[in-house]
Amino acid sequence: MIKLIVNGKPCELKKPLKLQEYLDSLGIKIRFVAVARNGHVLNRRDFKLIDLNDGDVLEIVKAIGGGMISDVH
């Protein structure tokens, strides 16, 4: 199991995933999302290359109408 913290909440992955795969599993369209891993904002074009590792801390936010930002839960 890979243990993550996502937007302040514990999360477990049953198998290793790339960040893109994880976001896809949540139904998140990367066009409207920003992701920071371990305090570093990531470039969207790298999502498919980034392995999620045990202990990673992710902050995932998505834009919503009117320019608002919302945490993904």
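Q: How many bridges join β1 to strand β5, and do they run parallel or antiparallel?
A: Two bridges join β1 to β5, which covers residues 57–64, and the two strands run parallel. Strands here are DSSP runs of E of at least two residues and helices are runs of H or I of at least four residues, numbered from the N terminus, and two strands pair if DSSP finds at least two bridges between them. This is a predicted model, in which local features need pLDDT of at least 70 and side-chain atom pairs count only at pLDDT 80 or more, while totals for chains, interfaces and linings use all residues. Residues are numbered from 1 along each chain as its sequence is written, and side-chain values use heavy atoms, with hydrogens and water left out.

Q: Which residue in β5 does valine 6 stand opposite?
A: Valine 6 stands opposite leucine 58.

Q: And what joins β1 to β2?
A: Five bridges join β1 to β2 (residues 9–13), and this pair runs antiparallel. Within it, leucine 4 has cysteine 11 of β2 as its bridge partner.

Q: Which residue takes a positive phi in that hairpin?
A: Asparagine 7 does, with phi near 50°, in a hairpin that has two residues between the strands.

Q: Is asparagine 7 buried or exposed, and what does its side chain reach?
A: Asparagine 7 counts as buried at 9% relative accessibility, where buried means under 20% relative accessible area, exposed over 50% and partly exposed in between, with a 1.4 Å probe and protein chains only. The side chain of asparagine 7 reaches the backbone nitrogen of isoleucine 60 at 2.7 Å.

Q: Back to β1: which residues are on its covered face?
A: Ile2, Leu4 and Val6 make up the covered face of β1 (residues 2–6), whereas Lys3 and Ile5 are on the uncovered one. In a regular strand the side chains alternate between the two faces of the sheet.

Q: Switching topic, how many salt bridges does a search of the whole structure find?
A: The search finds two, a salt bridge being a side-chain nitrogen of Lys or Arg within 4 Å of a carboxyl oxygen of Asp or Glu. In one of them, the side chains of lysine 18 and aspartate 51 meet at 2.8 Å, N to O. That pair links distant parts of the chain, 33 residues apart, with lysine 18 in the loop between β2 and α1 (19–25) and aspartate 51 in the loop between β4 (40–41) and β5.

Q: What about aspartate 56 and arginine 37?
A: Aspartate 56 forms a salt bridge with arginine 37, and their closest N and O atoms are 3.8 Å apart. Aspartate 56 lies in the loop between β4 and β5 and arginine 37 in β3 (residues 33–37), so the pair ties together parts that are 19 residues apart in sequence. Aspartate 56 is buried, with a relative accessible area of 5%, whereas arginine 37 counts as partly exposed at 21%.

Q: Where does leucine 52 lie, and what is it in contact with?
A: Leucine 52 lies in the loop between β4 and β5 and is buried, with a relative accessible area of 3%. Leaving aside neighbours within four places in sequence, leucine 52 is in contact (heavy atoms within 4.5 Å) with residues including Ile2, Leu4, Leu17 and Tyr22.

Q: Which residues touch the most other members of the largest nonpolar core?
A: Of its 18 residues, these are Leu4, Leu13, Leu19, Tyr22, Val35, Leu58 and Ile60. β1, β2, α1, β3 and β5 are the elements that give two or more residues to this core. A nonpolar core is a set of buried Ala, Val, Leu, Ile, Met, Phe, Trp, Tyr and Cys residues joined through side-chain atoms within 4.5 Å.

Notes
A polar contact is a pair of N or O atoms within 3.5 Å; within protein, one must be able to donate a hydrogen and the other to accept it, and residues adjacent in sequence count only if both atoms are side-chain atoms.
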